[in-house]
Amino acid sequence: QVQLVESGGGLVQPGGSLRLSCAASGSIFRINTMSWYRQAPGKERELVAAITSAGRINYADSVKGRFAISRDNTKNTVNLQMNSLKPEDTAVYYCNADVSVTGTRGTYWGQGTQVTVSS
């Protein structure tokens, strides 16, 4: 079994910054792509940023130039640095990981962390 635990959400004013972290633990052989998704009230969950094990990155157009994803393969962690936050960034943010465990491969989700951007 694999667990993903997020931290770092909260309330921030427009223009502010937050850093989200996600740590994976369990019977992990290899973590492939690690991603951050978000879901705002009444909207579908959307991809925010993703990073492969080789370090290739892609971002949603709405966050390019403001957010930065990074990972530490030795610690099985992924971070999301969010700068110049806007009210429309308000959402529950979820960590996602494509994980190879012994004999199988699966996608795992964290429990989510709330990010609220408001004055």
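Is D61 buried or exposed? Here are some friendly notes, with that one settled in point 4.

1. This is a predicted model, where local features need pLDDT of at least 70, side-chain atom pairs count only at pLDDT 80 or more, and totals for chains, interfaces and linings use all residues. Residues are numbered from 1 along each chain as its sequence is written, and side-chain values use heavy atoms, with hydrogens and water left out.

2. You will find one disulfide (a pair of cysteine sulfur atoms within 2.5 Å) here. C22 is bonded to C95, with an S to S distance of 2.1 Å. C22 sits in strand β3 and C95 in strand β9, 73 residues apart; strands are DSSP runs of E, at least two residues, numbered from the N terminus. The S-S torsion is about -80 degrees, so this disulfide is left-handed. Both C22 and C95 are buried, meaning under 20% relative accessible area, while exposed is over 50% and partly exposed lies in between (1.4 Å probe, protein chains only).

3. Five salt bridges are counted, each being a side-chain nitrogen of Lys or Arg within 4 Å of a carboxyl oxygen of Asp or Glu. R38 meets E46 at 2.7 Å, N to O. R38 is buried at 6% relative accessibility, whereas E46 is partly exposed at 34%. R38 also pairs with D89, the closest N and O atoms being 2.9 Å apart. D89 lies in the loop between β8 and β9 and R38 in strand β4, so this pair ties together parts 51 residues apart in sequence. D89 is buried, at 1%. Through shared partners, salt bridges join R38, E46, R66 and D89 into one network.

4. As for D61, this residue is exposed, at 65% relative accessibility. Its salt-bridge partner is K64, with the closest N and O atoms 3.0 Å apart.

Definitions and conventions:
Helices (H or I, at least four residues) and strands (E, at least two) are DSSP runs, numbered from the N terminus.
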